[in-house]
Amino acid sequence: MAKSLAKEIGYIYVDSGAMYRAITLFALRNGIFNGEEINESLLQELLPNINISFILDPASGKPNTCLNGENVEGEIRNMEVSSHVSPIAALGFVREAMVKLQQAMGQQKGIVMDGRDIGTTVFPDAELKIYVTASAEVRAQRRFDELKAKGEETNFEEILKNVIERDYIDMHREVSPLKQAEDAILLDNSNMTIPEQQAWLLEQFNRVIEA
C-alpha cells in the first residue's frame with residue numbers, strides 16, 4: 001500500500017519493517033539466536049557492521065531491501081524471519097539505531113514510510129499519519145496468499161499464530177510500542193479492495209497538500 005502510494009505521488013518509499021527484518025536475518029545467519037534466546041551483547045557489538053539500504057527494482061518500480069549490499073528482499077519475508085523479528089525489534093539499542101537511520105532518511109521530506117512506530121516515535125510531526133489495521137484473520141490470509149504466489153510452502157494457522165503473537169509483542173514492548181498516534185487517521189482496510197484503498201489514500205494525501 002505504502003509502496004504504491006509513493007510510486008503514484010513520486011515520493012521515496014522507506015520500509016522500516018524491512019530494516020528490522022534485515023537485522024533479524026543477519027542475526028539468524030550469524031549465530032546470534034540460540035533457540036529463542038538472543039545474544040544481545042554480540043548483536044550490539046556487530047550492529048555497526050550492518051548496512052541496510054534500498055535499491056529500486058526497475059521492473060516493478062519498487063525498492064528492494066539490501067543487507068550489506070546483498071538483495072535480501074525475498075529472504076526477509078519468509079516465516080523464519082517473521083517468527084524472530086519481533087524480539088529483535090523490541091531491543092532498545094536496535095530501535096535507537098534504526099530510528100536514527102530512518103530520521104536521517106526523512107530529513108529531505110518527500111517520503112512515505114510505514115512501520116509500527118513511525119507516527120509516534122520516528123516522525124511525530126509528520127504531515128499525514130495513517131494508522132492502518134485489519135483483522136488478524138484477514139492479514140494472515142493476505143500473507144498466506146502472498147507466500148503461496150511466490151511458490152513457498154506455508155500454513156495458514158502458523159501464519160495466523162505469528163500475526164497474533166507479533167501484535168501482542170509489539171503492543172506491549174517497553175520501547176516504542178505499537179499504538180495509534182493521537183492525530184493519526186484510522187484506516188481499517190479489512191473489507192477494502194486495493195483500488196478502493198489507493199483512492200482513499202490519495203484523497204488523504206491531496207487534502208493535506210492542498211491545505
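## Aromatic pairs

A search of the whole structure finds two aromatic pairs, where rings of Phe, Tyr and Trp (its six-membered ring) pair if their centres lie within 6.5 Å, and planes under 30 degrees apart count as stacked, over 60 as edge-to-face and the rest as tilted. The rings of Tyr11 and Phe205 have centres 5.6 Å apart and planes at 90°, so this pair is edge-to-face. It links distant parts of the chain, 194 residues apart, with Tyr11 in the loop between α1 (2-9) and β1 (12-15) and Phe205 in helix α10 (residues 194-210); helices (H or I, at least four residues) and strands (E, at least two) are DSSP runs, numbered from the N terminus.

Phe144 and Phe156 are also edge-to-face, at 6.3 Å centre to centre with 80° between the planes. Phe144 lies in helix α8 (residues 136-149) and Phe156 in helix α9 (residues 156-172), so the pair ties together parts twelve residues apart in sequence.

## Model and numbering

This is a predicted model, in which local features need pLDDT of at least 70 and side-chain atom pairs count only at pLDDT 80 or more, while totals for chains, interfaces and linings use all residues. Residues are numbered from 1 along each chain as its sequence is written, and side-chain values use heavy atoms, leaving out hydrogens and water.

## Ser16

Ser16, in helix α2 (residues 16-29), counts as buried at 2% relative accessibility (buried means under 20% relative accessible area, exposed over 50%, partly exposed in between, with a 1.4 Å probe and protein chains only). The side chain of Ser16 reaches the backbone oxygen of Asp114 at 2.5 Å.

Definitions and conventions: Polar contact = N/O pair within 3.5 Å; in protein donor to acceptor, adjacent residues only side chain to side chain.
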